[in-house]
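Notebook open, structure loaded. I'm jotting down a few things as I look them up.

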Amino acid sequence: MLKIIKGMKKGSKPEVIEPPPGPNGPSDVTVNHASRSVIPPAQLTSVKSQAIGQTASPQTCVIEVTPLLKDVPISERHVLFIKKANMCAVSFDFFDALKKVKEKEIKRQNLQELVDLVQSGSSKMNEIMQQEMVSMISMNIFRALPPAAYENTGAIDGDPEEDEMYLEPSWPHLQLVYELLLRYVVSSDTDTKVAKRFIDHSFVLNLLDLFDSEDPREREYLKTILHRIYGKFMVHRPFIRKAINNIFYRFIFETERHPGLGELLEILGSIINGFAVPMKEEHKLFLVRALIPLHKAKFINYYHQQLSYCITQFVEKDYKLADIVIRGLLKYWPDTNCTKEILFLGELEEVLDATQPAEFQLCMVPLFQRVGRCINSPNFQVAERALFWWNNEHIVDLIAQNREVILPILFEPLEKNIRGHWNQAINGLTGNVRKMFIEMDADLFEECNNQFLEKEAMVYQMLEQRELTWKKLEAIASGGDDMVMVN
């Protein structure tokens with residue numbers, strides 16, 4: 001969990017850092033660096049729209065010890081801040097721990113100082129300082145991610161749990177950069193009208209690309225930061241939803257691999273919770289086209305908890321969506337994956353908890369046909385999870401109100417379990433459910449029992465007839481070569 005520390009104490013006034021006076025105004029600022037080489041196009045592309053062109057090439061900046069920001073006069077802090085930001089934009093090789101140790105430590109100290117400055121709220125940054133800081137952040141975090149474990153091994157269909165976890169070697173510095181970005185976004189001193197010039201759509205899109213990182217520490221920071229950006233920058237909200245939508249489409253129809261899907265769904269759960277009712281058609285389409293199809297992935301267990309929460313939020317917001325959700329889950333039902341079946345049964349129970357009788361009646365026939373098959377599952381955990389539905393009072397009430405339809409569907413599966421399921425615990429649970437149906441409506445139960453016995457008798461009669469036919473064919477076949485078969 002990321003702990004958000006409050007800013008300055010009440011009553012203290014922030015010090016506004018202004019650029020030093022000069023003939024050319026704020027832009028006439030000189031930073032101590034070796035040269036002002038032109039930024040390569042590839043580097044410029046990687047940071048999208050950030051205004052890096054106004055600063056020195058970070059890799060040519062001289063890394064040196066500088067005074068603390070709090071120790072210099074306010075009039076000089078502008079230049080020193082930009083100098084520190086330029087030094088922090090330099091990247092190092094962290095695979096070699098003994099390489100440029102001194103420079104790495106100077107960068108770490110400067111990053112920590114910038115974090116403390118933004119967090120304290122004691123000094124208000126002007127537009128140029130914000131621009132340089134966001135530019136430096138972009139240079140550090142927007143980078144090419146290493147290939148995923150399954151890409152190296154070629155095991156595309158392998159279990160992600162078996163993949164070796166990758167931890168970013170530069171995390172001691174990268175964490176401070178993310179912390180700085182987080183403090184900048186959540187700060188009450190950050191003016192969204194100014195900040196949106198730097199934290200624009202391209203910046204947000206690059207953040208979303210980083211959710212593909214296999215380092216869980218990085219994804220946790222990204223989740224918190226993107227959620228804060230969504231809350232603070234209203235102009236970005238439709239864009240963020242659409243961009244997440246596109247990530248889901250690619251996952252569903254192409255890769256079925258994305259380490260950050262759980263974090264993205266966690267953000268969406270909070271977003272959906274804030275949707276106004278009645279919901280827009282855009283949000284309903286997102287449910288049908290993106291969220292429900294996420295159930296078809298093989299390794300859904302890695303993000304199912306967050307997905308289930310999002311789905312349930314939709315139904316709680318608009319109970320009329322229950323039929324669409326239930327039929328969607330039935331469409332993607334995992335017939336040959338018992339682990340997924342258990343997850344689906346649990347999710348369906350949560351959805352039914354928010355389902356009203358009218359919507360329940362629309363889908364109860366296909367729903368309980370599926371439940372009947374689950375009750376008869378040879379996997380005792382699947383059968384047990386289905387029978388546990390009768391511990392839910394709301395579901396039992398819905399069943400009781402529609403027992404004339406549901407009991408005839410479930411009677412045969414229940415009888416089959418009692419007569420022949422291999423697991424004794426399932427036999428006991430089935431007996432309890434059977435008893436509940438008798439208490440609901442004894443006459444209906446007796447009628448279903450008579451129909452079942454009649455059906456059983458007909459099946460037995462058909463089997464006898466089939467056996468008799470086979471015996472006649474055997475007798476004819478053994479009668480000799482002079483026997484002639486007539487059609």
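I started with how α2 and α4 sit against each other. This is a predicted model, and in it α2 (residues 74–88) and α4 (residues 127–141) pack at about 10 degrees, axes 9 Å apart. Angles under 35 degrees count as roughly parallel, so I'm noting α2 and α4 down as roughly parallel to each other.

From α2 I get His78, Phe81, Ile82, Ala85, Asn86 and Cys88; from α4 the list is Ile128, Met129, Glu132, Met133, Met136 and Asn140. Sorted by class, that α2 contact with α4 comes to eight nonpolar, three polar and one charged residues.

Then I moved on to α10. Helix α10 covers residues 237–255, which is 19 residues. I checked its reach: 26 Å from first C-alpha to last, close to the 27 Å expected at 1.5 Å a residue.

Which residues of α10 are buried? I find Ile240, Arg241, Ala243, Ile244, Asn245, Ile247, Phe248, Phe251 and Ile252. I also wrote down that an α-helix has 3.6 residues a turn, so residues three or four places apart point the same way. As for what covers the buried residues of α10, I see α8 (201–209), α9 (216–232), α11 (261–273) and α12 (281–291) among the elements included. Just past the end of α10, Glu256 has a positive phi of about 55 degrees.

Last stop was Gly328, in helix α14 (residues 322–331). Is Gly328 buried or exposed? Its relative accessibility is 8%, so I'm counting Gly328 as buried. I also looked up its C-alpha distance to Val288, 40 residues away along the chain, and got 7.9 Å.

Conventions: Residues numbered from 1 in each chain as written. Predicted model: local features only at pLDDT ≥ 70, side-chain atom pairs only at ≥ 80, totals over all residues. Heavy atoms only, no water. Axes fitted to C-alpha atoms, helices over the stretch in contact; angles between N-to-C directions. Helix = DSSP H or I, 4+ residues; strand = E, 2+ residues; numbered from the N terminus. Parallel < 35°, antiparallel > 145°, perpendicular 65-115°, else oblique. Contact = heavy atoms within 4.5 Å. Nonpolar A, V, L, I, M, F, W, Y, C, P; charged D, E, K, R; others polar. Buried < 20%, exposed > 50% of the residue type's maximum accessible area, 1.4 Å probe, protein only. Expected span 1.5 Å × (residues − 1).
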